Amino acid sequence: MASAAEQLASNLNFAAFAKAEDLKKRIWFTLGALLVYRLGTYIPMPGINPEAFAQAFQQQSGGVLGMFNMFAGGAVERMAIFALGIMPYISASIIMQLMTSVVPSLEQLKKEGEQGRKVINQYTRYGTVILATVQAYGIAVGLEGGANIVADPGWFFRISAVITLVGGTMFLMWLGEQITARGIGNGISLIIFSGIVAGLPSAIGGTLELGRTGALSTGLILGIIVLVVAVIAVIVFFERAQRRLLIQYPKRQVGNRMFQGDTSHLPLKLNTAGVIPPIFASSLLLLPATVAGFSDTTQLPAWASTMLASLGHGQPLFMFLYAALIAFFAFFYTAIVFNPKETADQLKKHSGFIPGYRPGERTAEYIDYVLTRITVIGAIYLVLICLLPEFLISATGVPFYLGGTSLLIVVSVTLDTVAQMQGHLIAHQYEGLIKKSKLRGGKRGR
C-alpha cells in the first residue's frame with residue numbers, strides 16, 4: 001500500500017493549489033523579489049560611459065566576463081549595480097565548506113547543529129564582503145584602464161564603485177535569504193536561474209533570425225531543438241538518480257513488548273557535486289584568455305600566443321583540459337561535502353547498520369567504495385553534458401547560449417523548485433486533514 005505522502009503527492013492538482021493561500025503568497029513574494037533583481041540589472045553604475053564600456057565588453061565577451069555576464073543576467077555588459085551578482089557569496093560558501101574540513105574549530109562548529117550553522121553563515125557573510133570588495137576594486141581599476149570608460153578616474157571613483165558593487169552583492173545575498181525564508185525556497189539558486197533565463201528570449205530570437213536569413217538551415221534548427229529536449233531529459237534522469245544503501249535498525253524491547261527493527265535507506269546521489277565542477281573548470285580555463293584580452297597580445301612570446309589559441313572554444317586542448325578539470329572537481333568537491341566516516345559514525349550512534357558490514361570503520365569503507373564508483377559515472381555524465389555544446393560549436397559554428405553549466409543550473413533549479421512547491425502543497429493538505437479530523441472528533445464528543 002502506498003504511503004500517505006505518496007497518495008497526497010499523486011492527488012496534487014490545480015484545485016489543491018487554488019486552496020493553498022500560503023503557497024500563493026510565497027510565489028507572489030518570490031516573483032516580486034526576482035522582479036526587483038531584474039530591475040537592478042538595468043541600473044548603471046555611476047561614473048562610467050555605458051557606450052564605451054559596451055564596446056570594450058564586446059572584445060572580452062568570450063572570456064570569464066561573458067560567463068559571469070550570463071550568471072548575472074546581463075548586468076556585467078551593462079555594468080549595473082548588480083554586476084558582481086551573487087558569485088562572491090557562492091565563492092565564500094565554497095571556501096567555508098573547504099575550511100570546515102580543514103580547520104578543527106570550524107569542523108567542531110559544524111557539529112554543533114543550528115547554532116554552529118548560524119556562526120558559519122555569519123563567517124560566510126564576512127567572507128562575501130571581503131571577496132566582493134577585492135573584486136569590485138579590481139573592476140574599478142580595470143575600468144580606469146579602458147579608453148574613455150570612466151569620466152573622472154581617481155580614488156573617488158574607485159571608492160564609489162566598490163561601495164556600489166559590494167552593496168549590490170550584499171543586497172542580492174539578503175534578497176536570496178528572504179526568498180528562502182518567505183518565498184518558495186532556493187533563493188540564491190533562483191536568482192542565478194532568473195539571470196540565465198532572462199537571456200533566453202534574445203538568444204532564441206537570434207537563432208531564428210539566422211534561420212530566416214539562411215545562415216542556418218531549418219533542418220539544423222529543428223535538430224538543435226530535438227537535441228536540447230533530449231539533453232534536458234538526460235539531465236533530469238541523472239540529477240534524480242540515486243544509489244540507496246539499505247540501513248537496518250535492530251529489534252528493541254519496551255517493557256514486555258518486542259518491536260520489530262525498522263529499515264530505511266541512505267541515498268547517495270549520482271552527481272553529489274552538482275554544478276560546481278563545470279563552474280570551476282570554466283573559470284580556470286577562461287581566465288588566461290581574459291587576462292590576455294586586457295594586455296597587448298603583440299608583445300606576448302610565440303609560445304604564449306600558441307597556447308592561448310589552443311585554449312579557445314572548440315580546440316582539442318581546451319576540451320581535454322575542460323574534461324579533466326570537471327572530473328577532478330567532481331571527485332574533489334564530493335569528498336568535501338560528503339564524509340563517509342562521519343556518516344558511518346552517525347549510523348552507529350543511532351544503532352543503524354548496513355547488512356553484511358560491521359558498524360564503524362568497515363561501514364565507512366563500504367560507503368566510500370560505493371560513493372567513489374557512482375562518482376565516476378557522475379563525472380562522466382558531467383563531462384559529456386558540458387562538452388556536447390563545445391563539439392556542436394566546433395562542428396556547426398552555431399553560437400549556443402545555454403552551455404552545459406547553465407543548462408545544468410536551469411534544469412536543477414527547476415526540479416528543486418517544483419519539489420519545494422509540492423512539499424508546500426502536501427503540508428497544506430496534511431493541515432486540512434488534521435483540521436477535518438479535529439472537527440469530526442469535536443462533533444462525536446458532543
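This is a predicted model: local features need pLDDT of at least 70, side-chain atom pairs count only at pLDDT 80 or more; totals for chains, interfaces and linings use all residues.
Residues are numbered from 1 along each chain as its sequence is written, and side-chain values use heavy atoms, with hydrogens and water left out.

**View 1. Met-79 in its loop.** Met-79 sits in the loop between helix 5 (64-71) and helix 6 (87-102), where helices are DSSP runs of H or I with at least four residues, numbered from the N terminus. Its phi is near 45°, a positive value in a residue other than glycine. With a relative accessible area of 4%, Met-79 is buried (under 20% relative accessible area, with exposed over 50% and partly exposed in between, for a 1.4 Å probe and protein chains only).

**View 2. Asn-186 in its loop.** The loop between helix 9 (155-182) and helix 10 (187-198) holds Asn-186, whose phi, near 55°, is likewise a positive value in a residue other than glycine. Asn-186 counts as partly exposed, at 23% relative accessibility.

**View 3. The lining of the largest cavity.** A cavity is a set of points, on a 1 Å grid over the protein atoms alone, where a 1.4 Å probe fits but cannot get out, and lining residues have an atom within 4 Å of a point. Among the residues that line the largest cavity are Phe-68, Phe-71, Gly-85 and Met-87. The volume of this cavity is about 30 Å³, taken as the space filled by probe spheres set on the points.

Note on methods. Helices (H or I, at least four residues) and strands (E, at least two) are DSSP runs, numbered from the N terminus. On a 1 Å grid over the protein atoms alone, a cavity is a set of points where a 1.4 Å probe fits but cannot get out, and a pocket is an open set with protein on both sides within 12 Å along at least five of seven lines; lining residues have an atom within 4 Å of a point.
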